[in-house]
Amino acid sequence: MSSFNAVSPTVASRYPLLRPPLYLLSSVYTCLQSLFSLVPSPALIWVALLTSGLAVGLVQFAMSRSLTALTDLKLEVLTALPSEQRAATIGIYLLYTGSLAAVASCLVTFVSPINTGSGLPETKALLNGTDIPTFLRFSTIVTKIVSITLVVAAGFPVGKEGPMVHVGAAVCSGILNDRLFNRRRDDIVSAVDNTASGFHRKSTFCTIGGAAGIAAAFNAPIGGILYVFEELSTFWSPETTFKAFAVCAFAALSSQIMLHSAGGSSLEAHVLFNVVDHTSVRIHDSGSYTVHGWTYLDLPFFAAIAVLCSLVSSFYTYSAVRLNKFRATASFRSKKFNRVVEVVCINLFINVTFLCVPLLLPCVDTPAEADADNEIVLSSWGCAATDGTSYNHLSTLFFGGEESIMKQMLGSTATFITWPISQLLLFLIMYYPLSVLSCGMSMPLGTFIPQVVAGSVVGRIVGELVHSSPHIDVTLISGPGAYSFVGAGAMLAGFTRMTCAIAVILVEASGAIGLSVPVMLSIIVARGVSDMIIEPFDEQMLELKGYEFVYDEPEKGTEQLVAGDIMTHVPTLRESTSAGVIKYALKKCSPEVDALPVMCDEGHVLLGLIDKRGLTELLKDTLELLAVTGAADATEGMVGERTPSRAEMAAEPHHDSSNHGGFKRAVNGARASMRRMSHFQTPVFLNVPKSNDKSYAPNARRSSLMKKINELDELQSAHRFSAHEINLTELVEQCPYTAPTHMPITRVQHLFRRMDLRHLAVVDSEN
């Protein structure tokens, strides 16, 4: 998030009409900055966290309201013309949805390719330590918010809740790093996480924001914390838990308040789903009593649902990964225009399917209870009468949206609408493959909601089958809605392999606390079965996109390796090294390595590590300084010279040589450059295949670094300063973590994972 002070002059120069409002906003921003300078440090921390939570809730509200408006307009198209003009209605509908899909794909393809997909693999890699430069930019998030809203409104069988993790992470990271709070940034960072390094700062802010995104999307603040803790975060501290708890509460509260007050509508009409606790009253001779949600007779059927959902989710994972691999290497997608055309064509195919299939099925009369429930939207598409007296089961599921499907399967309609098993099965056979077909295209999408929808439908089918059996007394078991709820949890567990987060999110979003135990049991079964079939979807996408990731344990088959077997050999430097040797080492070193070892001048003993980017900045600044100060005339005299060592500088504290002073200025500039850099670097022992698609660009910073290194050739050839020695002692990290050559790879892995290392020097017994 850039401040107005930083962006206003540039934007105002390009767009003169925007100068007055931009200068007004800049003035307001300056006033806020002055006001916050008077706020004590503890209070400023809470202002920052409160602002972050409110901002995430506001973004969720804006997305929900925009999506509601676009969807209502889409549904009005279906009822605007009489049934005799269905061909014209279909044409207008396809033009509308195709336009939304085209705009969304253009935004992603031409403006922000990093927004392809859900963003969960990128967030997971970012929190693990991989640097993704464009992932948290303001333009990236604006594009994500607009494009995911258009994609869902266009009729794709995907959700918007998953990408809210990316949105929340970027919003919180931008706000907490904004200039409004820069006066006491160190205080804010230490209050959020005691380790105030660049990596921990960005990681902590993104962790808090991701949790807030889930909390606002599902109205599940506790579930949001558990989701990030269980699925995304690599590094976690107790203080992070408390701060995430506060931000999630603020995000969920602000989202609820705005949704509840929007247009006089109730909150339940806009959140994911609001399921009444499935209770039933049993009559015995001794009187009546209430059973909450389920009985022991339901457990075998719940286990069967879990096994079935794990098989279905494994099919989704396998098909989606294979489709992503195909689209990543397909030659026709090399041109950006073709990617947009692909999105539009798939959208037309999906909507034609949704429009035409219901026309082949009969309609039924609308029950009287539906008129009294303003949350129920029954579609009359495909019916002769369009006055609401009849409805079509399949069109209700297709055009009501994913949230509406959850209400139909789990909510109040479960008590007064009978869903034919054949139509539920037909919907599942069509919806789930079309959701798979949407993966891998140049557009954002969420895979979380399709799993919830498919799982609830599977559970509802099993529930209807059980209730239709003449051999089962339906008064002794739960209703079909309870089976649907259990299916939703099992499908999510089979797809994501999460446990606690799924149970809490579903219970918080639905209110069905009485079904928490069977949901937990189904999650256990579904995860166990899925683990035996296929790897999780997000982990496979991490590998497909080429993001390095440090797992808890080393890969199977590598347990017998030691540190010496996997280390990367890199050039070494001395404390006092000539410019030519430094440049040669920078060019010779593999782009996978982001630091170089520095050895003592007295012997081949490790002194420490120095960052390649800081070293490049130092060398460049030094060469430029020597050229500007007129040293070109004294080149011969400088050959063989070196900058003073640390001991010499201590012996001569008042040394005032112009060259030495210039060198110190270059050192200070390099230090500032190093402080500005993120410490997100790639662990050197990983060997992960890289994607050829530049839209992912996990190594964009390395390309930029190599470009700067190549620029040194011009400076050096012009001024011939190869022999000028530079003392590196002040820039060396002299307390690096080291490992002996015989350290087992398991310990190396744990050291990287638990100590948040980006580099690990492998040394022998003499260091």
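I began with a charge and a ring: the charged end of Arg86 sits over the ring of Trp381, 6.0 Å from the ring's centre. I note here that I am reading a predicted model.

**Entry on aromatic pairs**

I looked up the aromatic pairs next and found that the structure holds 12. I picked out Tyr316 and Phe495, which form an edge-to-face pair with 5.4 Å from centre to centre and 85° between the planes. Which helices do Tyr316 and Phe495 lie in? I found Tyr316 in helix α12 (residues 299-329) and Phe495 in helix α19 (residues 480-496), so this pair ties together parts that are 179 residues apart in sequence.

**Entry on positive phi**

Which residue has a positive phi of about 70° although it is not a glycine? I found that it is Arg497, placed in the loop between α19 and α20 (500-510). Arg497 is buried, at 7% relative accessible area.

Asn219 has its place in the loop between α9 (198-218) and α10 (221-232).

**Entry on Ala526**

From Arg497 I moved to Ala526: the two are 29 residues apart in sequence, and their C-alpha atoms are 8.5 Å apart in space. I located Ala526 in helix α21 (residues 516-531). Its relative accessible area is 0%, so I noted Ala526 as buried. What does Ala526 touch, leaving out residues up to four places away in sequence? My list reads Ala306, Ser310, Ala490, Ala493 and Gly494.

**Entry on a helix pair**

Last, I looked at helix α13 (residues 336-356) and helix α17 (residues 421-437), whose axes come within 11 Å and cross at roughly 170°. That crossing makes α13 roughly antiparallel to α17, because angles over 145 degrees count that way. On the α13 side, I listed Ile346, Phe349, Ile350, Thr353 and Phe354 as making the contact. On the α17 side, the contact is made by Met430, Leu434 and Leu437. I sorted the residues of this contact by kind and got 7 nonpolar, 1 polar and no charged.

Conventions. Residues are numbered from 1 along each chain as its sequence is written. This is a predicted model: local features need pLDDT of at least 70, side-chain atom pairs count only at pLDDT 80 or more; totals for chains, interfaces and linings use all residues. Side-chain values use heavy atoms; hydrogens and water are left out. Axes are lines fitted to C-alpha atoms, for helices over the stretch in contact, and angles run from 0 to 180 degrees between N-to-C directions. Helices (H or I, at least four residues) and strands (E, at least two) are DSSP runs, numbered from the N terminus. Angles under 35 degrees count as roughly parallel, over 145 as roughly antiparallel, 65 to 115 as roughly perpendicular and the rest as oblique. Contact means heavy atoms within 4.5 Å. Ala, Val, Leu, Ile, Met, Phe, Trp, Tyr, Cys and Pro count as nonpolar, Asp, Glu, Lys and Arg as charged, and the others, Gly among them, as polar. Buried means under 20% relative accessible area, exposed over 50%, partly exposed in between (1.4 Å probe, protein chains only). Rings of Phe, Tyr and Trp (its six-membered ring) pair if their centres lie within 6.5 Å; planes under 30 degrees apart count as stacked, over 60 as edge-to-face and the rest as tilted. A charge sits over a ring if NZ of Lys or CZ of Arg is within 6 Å of the ring centre and within 35 degrees of the ring normal.
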